Amino acid sequence: MTINKKNQVQRIFDSISTRYDFLNHFLSAGIDIYWRRKALRLTKIGSKSKLLDLACGTGDFALEAEKFGVKEIIGADLSFNMLKVFHEKSESSKGKIVQTIAEVLPFKSNSFTNITVAFGVRNFFDIQSAFIEFNRVLSNKGKATVLEFRLPEKGIVKSLYLFYFHKILPAIGRLISKDNEAYTYLPESVNDFDKNINLVELFKKAGFEKVEKHSLTFGICQVTIAYK
Ligand SMILES: C[S@@+](CC[C@H](N)C(=O)[O-])C[C@H]1O[C@@H](n2cnc3c(N)ncnc32)[C@H](O)[C@@H]1O
């Protein structure tokens with residue numbers, strides 16, 4: 001089951017890597033850029049931070065963090081092709097990219113002040129193990145910041161959003177990415193995540209002291225910050 005999910009996720013992101021950035025900005029009408037910026041502001045990232053950006057993909061979160069003055073950044077991801085796009089996109093990424101799964105990290109304990117994950121946790125095949133690893137590699141008082149999709153709670157926004165998310169987005173995604181699975185997987189994985197995953201509980205079980213949540217844009221997106 002878990003190996004299946006890992007292989008499925010790796011295959012999807014390896015397949016859509018060159019069209020990922022365009023589709024991301026297009027399908028969210030650019031609002032994903034605001035969400036990443038807001039998450040970094042909420043977590044008070046800055047020049048003293050030593051950052052591990054996990055599930056970094058093509059690097060948009062890590063590159064945004066650079067604009068906040070962060071100098072030490074490592075980007076890590078499961079998908080070689082996503083990392084390749086990151087590498088080609090940025091001079092500063094060179095030498096600071098690692099191919100790894102989040103569930104077993106190749107870093108020493110207490111190595112980072114911050115870990116960030118944007119739109120990645122939902123895809124992890126074992127979120128609990130990943131959070132235990134986050135706790136291990138974070139230094140004392142370190143923070144893990146997760147930006148992830150959620151579903152709006154009720155009303156007209158929820159109906160409109162679900163219509164867009166289940167009907168329009170997969171059709172456009174399929175057409176442009178030429179991958180039949182990727183943009184059906186996206187709404188399915190968000191549904192499943194929203195229904196079944198309690199990040200606060202998982203962070204606490206992994207040993208984090210305090211966890212806070214911030215809802216963005218009618219609850220479509222959520223920032224969760226866990227303090228070691
Ligand atoms: C939707 S992309 C997000 C990329 C980037 N963070 C962003 O904001 O655009 C999700 C990324 O998570 C990575 N990923 C999924 N499961 C993973 C795992 N278990 N370990 C490491 N990376 C994983 C995928 O390869 C993919 O690049």
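## Basis of the description

The structure is a predicted model, in which local features need pLDDT of at least 70 and side-chain atom pairs count only at pLDDT 80 or more, while totals for chains, interfaces and linings use all residues. Residues are numbered from 1 along each chain as its sequence is written, and side-chain values use heavy atoms, with hydrogens and water left out.

Two packed helices are described by the angle between their axes and the distance between the axes. Helix H1 spans residues 2-27 and helix H2 spans residues 31-42, where helices (H or I, at least four residues) and strands (E, at least two) are DSSP runs numbered from the N terminus. The axes of H1 and H2 come within 7 Å and cross at roughly 90 degrees; such axes are lines fitted to C-alpha atoms, for helices over the stretch in contact, and the angles run from 0 to 180 degrees between N-to-C directions. H1 and H2 are therefore roughly perpendicular to each other, given that angles under 35 degrees count as roughly parallel, over 145 as roughly antiparallel, 65 to 115 as roughly perpendicular and the rest as oblique. Their contact (heavy atoms within 4.5 Å) is made by Tyr20, Asn24 and His25 of H1 together with Asp32, Ile33 and Arg36 of H2.

H2 also packs against helix H3 (residues 60-67), at an angle of about 55 degrees and with the axes 10 Å apart, and H2 and H3 are therefore oblique to each other. On the H2 side this contact is made by Arg36, Arg37, Ala39 and Leu40, and on the H3 side by Asp60, Phe61, Glu64 and Ala65.

## Aromatic pairs

The model has 9 aromatic pairs, counted when rings of Phe, Tyr and Trp (its six-membered ring) have centres within 6.5 Å, with planes under 30 degrees apart called stacked, over 60 edge-to-face and the rest tilted. In one of them, the rings of Trp35 and Phe119 have centres 6.3 Å apart and planes at 55 degrees, so the pair is tilted. This pair links distant parts of the chain, 84 residues apart, since Trp35 lies in helix H2 and Phe119 in the loop between strand S4 (112-118) and helix H5 (127-137). Trp35 counts as buried at 4% relative accessibility, and Phe119 is buried at 9%, where buried means under 20% relative accessible area, exposed over 50% and partly exposed in between (1.4 Å probe, protein chains only).

The rings of Phe131 and Phe203 have centres 3.8 Å apart and planes at 0 degrees, so this pair is stacked. Phe131 belongs to helix H5 and Phe203 to helix H8 (residues 199-205), 72 residues apart, and both residues are buried. Ring pairs also link Phe131, Phe134, Phe203 and Phe208 into a cluster.

Ser17 is found in helix H1 and counts as buried at 5% relative accessibility. When residues up to four places away in sequence are not counted, Ser17 touches Thr58, Asn81, Met82 and Val85.

Ser139 lies in strand S5 (residues 138-149) and is buried, with a relative accessible area of 18%. Ser139 and Asn110 are 29 residues apart in sequence, yet 3.9 Å apart in space from C-alpha to C-alpha. With residues up to four places away in sequence again left out, Ser139 touches Asn110, Phe112, Thr113 and Lys228.
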